Amino acid sequence: MQTDTIRRTPRKAPVPPSDIPAADDGAQTHVQPISITPIGAPLTIEDVSAPGGCGDGCGCAGGDIDIDADLLDEFVTEQVLVRLETEPAFLARSIAALAAADDLDPELTEEIEELESDPVLLRDVLAATRESLPDMESDAVVLLFRYVIDHVALGPEELPLEDRVMIEWRVEPAGV
């Protein structure tokens, strides 16, 4: 993944989908899930704005998503880094939760097993830090994101980025 490191102060946790305020016109607010597949490699606007949904059987209604792909990629990456830095057991807990899940998509399982078969890549993932992430192979970043993130969803466009981008983590933040 090619990202520039952006120093941000830790932000509050994203607003859960049920707490997203309704639009002023009284219309139902729509949260748009995004496939995690493109995350870990540079996102393109086509990845997050393709009509018809994410294609992963998540039940999303599809439609256009208006968000800068680089901004989304940087934001999600920063949130992963913040959790890695502030929760020492975050990665280990996420891997354990993924291993214990009994409802994983077979394609996801196959992809993770293939990525895990490379011991160098696996070592890089287990040692991931803010400093090492920019130099990691894209496959290592993909595996890291597969371990820690279940999916990403977008809320209404009018919300600030930290409230609009909702990351569904494999494990809840420590102390929640």
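Q: Before we start, what do buried and exposed mean here?
A: Buried means under 20% relative accessible area, exposed means over 50%, and partly exposed is in between, using a 1.4 Å probe and protein chains only.

Q: Thanks! And what kind of model is this?
A: This is a predicted model, where local features need pLDDT of at least 70 and side-chain atom pairs count only at pLDDT 80 or more, while totals for chains, interfaces and linings use all residues. Residues are numbered from 1 along each chain as its sequence is written, and side-chain values use heavy atoms, with hydrogens and water left out.

Q: OK, is Phe90 buried or exposed?
A: Phe90 is buried, at a relative accessible area of 0%.

Q: How many aromatic pairs are there?
A: The count is one aromatic pair. Rings of Phe, Tyr and Trp (its six-membered ring) pair if their centres lie within 6.5 Å; planes under 30 degrees apart are stacked, over 60 edge-to-face, and the rest tilted. For Phe90 and Trp169, the ring centres are 5.7 Å apart and the planes at 80°, so this pair is edge-to-face.

Q: Where do those two residues lie?
A: Phe90 is in helix H3 (residues 90-100) and Trp169 in strand S3 (residues 165-169), so the pair ties together parts 79 residues apart in sequence. Helices (H or I, at least four residues) and strands (E, at least two) are DSSP runs, numbered from the N terminus.

Q: Switching to H3, which of its residues are buried?
A: They are Phe90, Leu91, Ser94 and Leu98.

Q: And which exposed residues are on the face turned away?
A: That face of H3 carries Ala92, Ala99 and Ala100.
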